[in-house]
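Here is a short tour for someone meeting this protein for the first time. Keep the sequence and the 3D view open as you read.

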Amino acid sequence: MVEYDFKNDEIANIANNMIIYAVSKRASDIHFDPCDQGLKVRLRIDGVLQDHAIVPIAYQKNLTTRLKLISNMNITESRLPQDGAIKDTINGIDLDMRVSSLNTNLGEKIVIRILDYTQSTHGLEALGFTPRNLVKIKKMIEVPNGIILITGATGTGKSTTVYTMLQHLNKEETNIITVEDPIEMNIEGINQVQVNSEIGLTFGRVLRSILRQDPNIILIGEIRDSETAQIAVRASITGHLVFSTVHTNNSLSTIERLLDMNVERYLLSSALTGIVSQKLARRLCPHCRKKRPTTTYEKAVFKEILNKDVSEVYDVNGHCENCRNGYYGRIAIQEVLLISDDIRNAINDPSISREDLRELVYTSDVTTLLQDGLEKVLEGITTFEEIYKNVAIDNELDEKYMEEDYFEEVEEINEKNKGATIDNPDVIEPKTQTNTVDDVEEII
């Protein structure tokens, strides 16, 4: 916990210092939670919330007011939820943040989302795609028209992925127009429109106008309702490449969600080009990770999912000066579905069952989220525990192999492994990639 001098320091300086500290620690969110003592400040680092400081109750109102003021919120309104933004430079650091306030029984709760899209400037290769998935992504975005969907829960890096794709396509001869709520990153050379429902500037209304602006590529920030889904699909079959995001977990549920939104089957089957589903898992610290024997359950999962006999996996080894709790940063776990003619025909067939569609999708050339995650475990990028928490494992597999408590067995193995030599990343032989991007492109 960090202690701040509320008696002698100005509240503006304390607010700035909290934000700067959070940015320096790579936090994605800052939570100001009302409690009996005042405000509990928590930081979300690598996807996990941790306590940072306590703001005494005597200074709770002042700090809340200061945060609302610099976020351009109404400081006299404390009963209704509000949204704001901070775009400023503090101590030489450019800040771009979204701020939300919510009235609770103990006072106003403030959450600051720290936006960092620098990853999107590093190119598609920096997003963690396997060579096979990277080839599929490049095939998707090279088509002249169609709709490409990036799916996942809130905070799983969908915006970073879609912005990276747009920047890859941002060329002089291309007219790119986006409609977003809110605009999360300003990109030079792209026309970006902010939705404002209060004046009737909705996704649907903007999309109708965009189609008269001679676009080549359209980004719809999020498909939220039937109207937006139907216009997006129709735009894609009239000669435009459309990108959008949907809050679904995988490729199959994305197709079902669009059908539930009353998108005609014949339109969806013609328009859909590809689906990229992703989640985020914490990345193992390469400086202090260690190898340990696999548990009975882990061996069974690797054998069942990857058809590999795995005797050792990387795991955390406490922590070091370079990380926190053995992790540093996060890595995307991805499922990339490039729509084939067989899948198009299945989507267009109203008599096909969910089970038959699932079998067709997942027996095609697709690496599931679980498979991609387990491959990253084998490479020492993340841990089996992270994949177990973030990616659903088949219940039948759990019932079949989870005979003893998995986490207790892991603790026992780690206890026996104490004192094992820590891997030195400088001497670890790099993992040999079976297929390069060029090799995979030839295969596909």
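**The whole chain**

This is a predicted model. The protein chain has 444 residues, and buried residues make up 47% of them. Its secondary structure comes to 16 helices and 15 strands. The accessible surface is about 22200 Å². Carbon and sulfur atoms account for 44% of that surface. How far apart in sequence are the residues that touch? Take the contacts between residues at least 6 apart in sequence: 65% of them join residues at least 24 apart.

**The nonpolar core**

In soluble globular proteins, nonpolar side chains tend to be buried together. The largest nonpolar core here has 38 residues. Which of its members touch the most other members? They are Ile147, Val179, Ile220, Ile223, Ile255, Leu268 and Leu272. Helix 6, residues 226-236, gives the most to this core, with five residues.

Setting aside residues up to four places away in sequence, Ile255 touches Leu268, Leu272, Ile275, Ile347 and Leu357.

**Helix 6**

Seven names to find in helix 6 are Thr228, Ala229, Ile231, Ala232, Val233, Ala235 and Ser236, which are buried. What do the buried residues of helix 6 pack against? Three strands are on the list: strand 7 (146-151), strand 10 (217-220) and strand 11 (241-246). Helix 5 (203-210), helix 7 (251-260) and helix 8 (265-271) are on it too.

The N-terminal end of helix 6 is capped by Asp225. A side-chain oxygen of Asp225 lies 3.3 Å from the backbone nitrogen of Glu227.

Gln50 lies in strand 3, residues 48-56. Is Gln50 buried or exposed? Its relative accessible area is 17%, under the 20% cut-off, so Gln50 counts as buried. The side chain of Gln50 makes a polar contact with the side chain of Arg324, at 2.7 Å. Beyond its neighbours within four places in sequence, Gln50 is in contact with Val41, Arg42, Leu43, Ile45 and Arg324.

Ser71 sits in the loop between helix 2 (57-70) and strand 4 (82-90). Ser71 has a relative accessible area of 2%, so this residue is buried. The side chain of Ser71 reaches the backbone oxygen of Leu67 at 2.6 Å. Ser71 and Ile112 are 41 residues apart along the chain, and their C-alpha atoms are separated by 9.6 Å.

**Rings and charges**

The chain has five aromatic pairs. Tyr4 and Phe6 form an edge-to-face pair, 6.4 Å centre to centre, with 65 degrees between the planes. Tyr4 and Phe6 are both buried. Elsewhere, ring pairs link Tyr297, Phe302, Phe384 and Tyr388 into a cluster.

Two arginines also lie over rings, as the table shows.

| Arginine | Ring | Distance to ring centre |
|---|---|---|
| Arg26 | Tyr328 | 3.9 Å |
| Arg289 | Tyr314 | 4.0 Å |

**Backbone details**

Arg26 returns here for its backbone. Phi of Arg26 is near 65 degrees, a positive value in a residue other than glycine. Arg26 is found in the loop between helix 1 (11-24) and strand 1 (27-35). How accessible is Arg26? The relative accessible area is 30%, so Arg26 is partly exposed.

Asp214 also has a positive phi, of about 55 degrees, although it is not a glycine. Asp214 lies in the loop between helix 5 and strand 10. Is Asp214 buried or exposed? At 62% relative accessibility, over the 50% cut-off, Asp214 counts as exposed.

One more feature belongs here. A cis peptide bond joins Asp181 and Pro182, with omega about 0 degrees. Pro182 is found in the loop between strand 8 (176-180) and strand 9 (191-194).

How values were computed:
Residues are numbered from 1 along each chain as its sequence is written. This is a predicted model: local features need pLDDT of at least 70, side-chain atom pairs count only at pLDDT 80 or more; totals for chains, interfaces and linings use all residues. Side-chain values use heavy atoms; hydrogens and water are left out. A nonpolar core is a set of buried Ala, Val, Leu, Ile, Met, Phe, Trp, Tyr and Cys residues joined through side-chain atoms within 4.5 Å. Buried means under 20% relative accessible area, exposed over 50%, partly exposed in between (1.4 Å probe, protein chains only). Helices (H or I, at least four residues) and strands (E, at least two) are DSSP runs, numbered from the N terminus. Contact means heavy atoms within 4.5 Å. Accessible areas come from the Shrake-Rupley method with a 1.4 Å probe; for residues, only the protein chains shown count as cover. A polar contact is a pair of N or O atoms within 3.5 Å; within protein, one must be able to donate a hydrogen and the other to accept it, and residues adjacent in sequence count only if both atoms are side-chain atoms. Rings of Phe, Tyr and Trp (its six-membered ring) pair if their centres lie within 6.5 Å; planes under 30 degrees apart count as stacked, over 60 as edge-to-face and the rest as tilted. A charge sits over a ring if NZ of Lys or CZ of Arg is within 6 Å of the ring centre and within 35 degrees of the ring normal.
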